[in-house]
Structures are given as C-alpha cells and as structure tokens.
Amino acid sequence: MDKIINDLQNVPTTAISDVLKGMQNVDPQIKPLKESYKIAGRAYTVQLPVGDNLMLLRSLKEAKKGDILVVDVKGDTYRAIAGDFVVGMMKSLELGGLVVDGVIRDLIDIKGLNFPVFSKGTTVSSGTKNGPGDTNIPISVGGAPVNPGDIIVGDVDGVVVIPKDKAEEVLTKAQEKIIADDKREAKVGSDREAIIDYVNNMLNK
C-alpha cells in the first residue's frame, strides 16, 4: 500500500475523480490553504461535535506518521477546529495533512508551517475542549463517506476519497487515463482541422 500511496502523489485528483465517476469527491469548497499542497495518505478519521475539538487532540496520539486527519465537523464555519499551535503539533508528529469540512484560524502562521491543510476557510472563533466526539470510525466529510484507512488524495482542485479496497485499481486506471489524455492532446494539438474533427466525433457519439 505504501507504494500505491507514493504513486498517487503524482496523480491529479481530476484523473482519480474521473475513474471514480465523481462519486467520491469532497465538497469543492474544501480547498488547500496553498495551491502547492498535494497530499496522499491513509485517512485517520475524527468526528467532532460543532464547536469542539477535544477528539482532534486525541487523534494526535493515535494517528500514525503519514496519516491524513480527516475531520467531520458537520460543515460548521463559525468555530475553528485548530489554530497554528495544534497544526504545528501535527507537523511535528509528521502527519500527512489535515482535511476538514470546517475552518481553521491563525491563517498566516499556519501557512508559515508549510503543513498541508484543506478546509473551508478561516475564522476568528476558537472551539471548546469538552467533547464528546470519536476517532477512527466511519464518517462523512463534505458529502463523501470516509472509512478509516481509505486513501485521501488532495491537490489544488480539491479532495477525493479512494476506498481502501479499490486503491490499486483506481491508481492503475488513473495512470492509464493520463496516458490516454496526453495522446489525445498530442493528436489534436493546435491544428484547426484536428480540433474540428475531434469536436465532430464527440457530437456524433
């Protein structure tokens, strides 16, 4: 699985989404804080009640190096689930990234950490630390189901979830699609007649 994850680092989310027929895409509002961020890793799931982040702290001692923390906070955008201190701990623990259907705060300092965070944006309000919540359970994030160990891939276009039992198949098909797309682009290029032929072929399907 480690080789599959490494190879997925070089596959755009658009190709993976096409292979999965768009059925495993996370809400497109969830975007990386920097366009350069690219993640691929196993999901370590966290379920939080709105406005609280205690179980996120528990996940820090449970998740393994390279895991992507995937946090379900029901899309809340009023209270942050983490700031620069918590995200800094994630980086120190060598986690693979953070994906949340909510918001963070301390934007400038988090960007300075250069740790890949994918969120709906930022806020000024902090969360409480009362619980409840849970970790390492099936959740839904941004409309996509996520099970512990599923493969999360994210880049500037968004985030996709690959069911863990389909990872190798999806990787192979996505790589094949990239090759086919490159061949199509080389064939059509900027030649007007080739472009018209391509458009006609698509319209006559």
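1. Start with what helix H6 packs against: its buried residues (buried means under 20% relative accessible area with a 1.4 Å probe, protein chains only) touch helix H1 (2-8), helix H2 (13-19), strand E9 (151-155), strand E10 (158-162) and H7. Contact here is heavy atoms within 4.5 Å. Helices (H or I, at least four residues) and strands (E, at least two) are DSSP runs, numbered from the N terminus.

2. A quick word on the source: this is a predicted model, where local features need pLDDT of at least 70 and side-chain atom pairs count only at pLDDT 80 or more, while totals for chains, interfaces and linings use all residues. Residues are numbered from 1 along each chain as its sequence is written, and side-chain values use heavy atoms, leaving out hydrogens and water.

3. Which residues of H6 are buried? They are Ala167, Val170, Leu171, Ala174 and Val188.

4. After H6 comes glycine 189, with a positive phi near 55°.

5. Now look at H4 (residues 84-92), where Val86, Val87, Gly88 and Met90 are buried. The buried residues of H4 pack against helix H3 (54-62), strand E3 (68-72), strand E4 (97-100), helix H5 (107-113) and strand E5 (117-119). Just after H4, glutamate 94 has a positive phi of about 60°.

Definitions and conventions:
Buried < 20%, exposed > 50% of the residue type's maximum accessible area, 1.4 Å probe, protein only.
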